[in-house]
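Please open the structure in a viewer and keep the sequence at hand.

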Amino acid sequence: MRIHVSFIDRVGITQEVLALLGARNLNLDAVEMVPPNVYIDAPTLSPLVLEELHDALFRVKGVEDVRVVDILPGQRRHLQLEALLAAMADPVLALDSAGNVLLANPALVELYGREPAGQSVGDLFADPALLGSLLEQGFRLPLREVNLNGQTLLLDATPITDAGALLTLYPPNRMGERLAALHHDHAEGFDSLLGDSAPIRALKARAQRVAALDAPLLIQGETGTGKELVARACHAVSARHGAPFLALNCAALPENLAESELFGYAPGAFTGAQRGGKPGLMELAHQGTVFLDEIGEMSPYLQAKLLRFLNDGSFRRVGGDREVKVNVRILSATHRNLEQMVAEGAFREDLFYRLNVLNLNVPPLRERGEDILLLARYFMQQACTQIQRPMCRLTANTYPALLGNRWPGNVRQLQNVIFRAAAVCESNTVDIGDLDIAGTRVTHRNDSEVVSLEQAVGAYEKALLEKLYPSYPSSRQLASRLQTSHTAIANRLRKYGIGGAS
């Protein structure tokens, strides 16, 4: 049993309170003193003994209140810290001022294979120079590459004043997500969608039209194409731009947490709930926009609750009985084929039609060849600024690799590759070898020296037309497929001697 004793602060009162417990031979697991309060965790304290102790405590001069509590404040903070660390997908370490590990989150323990508490950071990474650098520079280090159990990671150090540091380890495939959190030079609306290829121009033109319509919008596209960026742009140019834009990743949370995040919960809905309840994203975004990413991963129960909300704009908080009505526009996104999921019974047909009132398709990067080098240069500038190193540039030798890769991870993968190249490159010029280190996994079909950007773009353009022409065997069909003019395609087919322009 845990009790909270509050009192008027005076010298010796805490000792008198503890003496009463000691006289009853109670085992104390924890005592937290925060004058004028003392919190006591006494597992052997029974209700009968508590009744007698209650009277004895009130005979102590200055004691004002004695009550049973669920948990001690320090224990609560410890549980909250553990929950916070457990929720972090990236491995995290806390170090003391000597560079020894104080604690590690579950992601780090799983990666390392055991609990590293007490171990020197130099021993942990088998890199004595790392410990020396951290101590010499006050735990302020530029992003650097480390190796843990054979896995290459990027280490980010955050000093904690006079107490050591927090180290976060990022797998290379997480770099793009960090970059994606940066605004494109604070650009708003569709200026944040970088690129000038025909597919991206067509996307912007259609998005401009649907953004102004106050109806649900479904954004579809492969993973990493920038669907959330499109959603934010649509909100920024809509009539709701002055109200909040709030996002929820439906794949990132279990059903019960996703429901409480989206719809909130009532007071006393569950153990540990905030005393006054908590509003969800729907209430917080009133008059604004809620973006539901990975909508295809939403559970059947939440699908039903969302459908009801779309029908009349009302819902109930988790554990509540009061109807809440808000005015919110729903934007959703998925990389999955929702029509196929409907046919297979994995997604509600009625919800699909309510979400798909308006729709946008975000093109994959492999269909945006003209944008690849533009994006790569931009991400390089962004990465160098973030990791505070001199500006790097891509050499012409990297162009065939960048243009020839199919980029299955799309723009996010390109961000990852460029970010890591900037982090590990030792000079201010990034060559093809630096991209290999960054794990592009491209095949070097053309290792010859690139003379110019025009040559590299021309080689990519020719390869693309040769690949598509058998499926679209006329200049008109091919022009329609690539969303450009018939004349432009006819001229390029003649230029490269492909088929016959018609």
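This is a predicted model: local features need pLDDT of at least 70, side-chain atom pairs count only at pLDDT 80 or more; totals for chains, interfaces and linings use all residues.

A salt bridge is here a side-chain nitrogen of Lys or Arg within 4 Å of a carboxyl oxygen of Asp or Glu. By this rule the count comes to 15 salt bridges. Side chains of opposite charge can pair when their charged atoms come close.

**First stop: R24 and E52**

Select R24 and E52, which form a salt bridge with their closest N and O atoms 2.7 Å apart. R24 is situated in the loop between helix 1 (13-22) and strand 2 (30-34), while E52 belongs to helix 2 (residues 47-58), so the pair ties together parts that are 28 residues apart in sequence. R24 has a relative accessible area of 24% and is therefore partly exposed. E52, at 38% relative accessibility, also counts as partly exposed.

**Second stop: E259 and K305**

Next, select E259 and K305, whose side chains meet in a salt bridge of 2.9 Å, N to O. This pair links distant parts of the chain, with E259 in helix 10 (residues 255-263) and K305 in helix 12 (residues 300-312), 46 residues apart. Are these two residues, E259 and K305, buried or exposed? Both E259 and K305 are buried, whereas R24 of the previous stop is partly exposed.

Then move to R348 and D350, another salt bridge, in which the closest N and O atoms are 2.8 Å apart. R348 is partly exposed, its relative accessible area being 32%. D350 is likewise partly exposed, at 34% relative accessibility.

The tour now turns to helices. Two packed helices are described by the angle between their axes and the distance between the axes. Select helix 15 (residues 369-386) and helix 17 (residues 410-424), whose axes come within 9 Å and cross at roughly 50 degrees. Because of that angle, helix 15 is oblique to helix 17. The crossing of helix 15 past helix 17 is right-handed.

To see the contact, display I372, L375, A376, F379, M380, A383, C384 and Q386 in helix 15, which meet V411, L414, Q415, I418, F419 and A422 in helix 17. What is the division of the contact residues of helix 15 and helix 17 into nonpolar, polar and charged? The contact holds 12 nonpolar residues, two polar and no charged.

Select helix 20 (residues 475-482) and helix 21 (residues 486-496). Their axes come within 8 Å and cross at roughly 115 degrees. The crossing of helix 20 and helix 21 is right-handed. On the side of helix 20, the contact is made by S475, R476, L478, A479 and L482, and on that of helix 21 by H486, I489, A490 and L493. The residues of this contact between helix 20 and helix 21 comprise six nonpolar, two polar and one charged.

**Last stop: I71**

Is I71 buried or exposed? The relative accessibility of I71 is 18%, so this residue counts as buried.

How values were computed:
Residues are numbered from 1 along each chain as its sequence is written. Side-chain values use heavy atoms; hydrogens and water are left out. Axes are lines fitted to C-alpha atoms, for helices over the stretch in contact, and angles run from 0 to 180 degrees between N-to-C directions. Helices (H or I, at least four residues) and strands (E, at least two) are DSSP runs, numbered from the N terminus. A crossing is left-handed if the near helix is turned anticlockwise from the far one by less than a right angle, and right-handed if clockwise. Contact means heavy atoms within 4.5 Å. Ala, Val, Leu, Ile, Met, Phe, Trp, Tyr, Cys and Pro count as nonpolar, Asp, Glu, Lys and Arg as charged, and the others, Gly among them, as polar. Angles under 35 degrees count as roughly parallel, over 145 as roughly antiparallel, 65 to 115 as roughly perpendicular and the rest as oblique. Buried means under 20% relative accessible area, exposed over 50%, partly exposed in between (1.4 Å probe, protein chains only).
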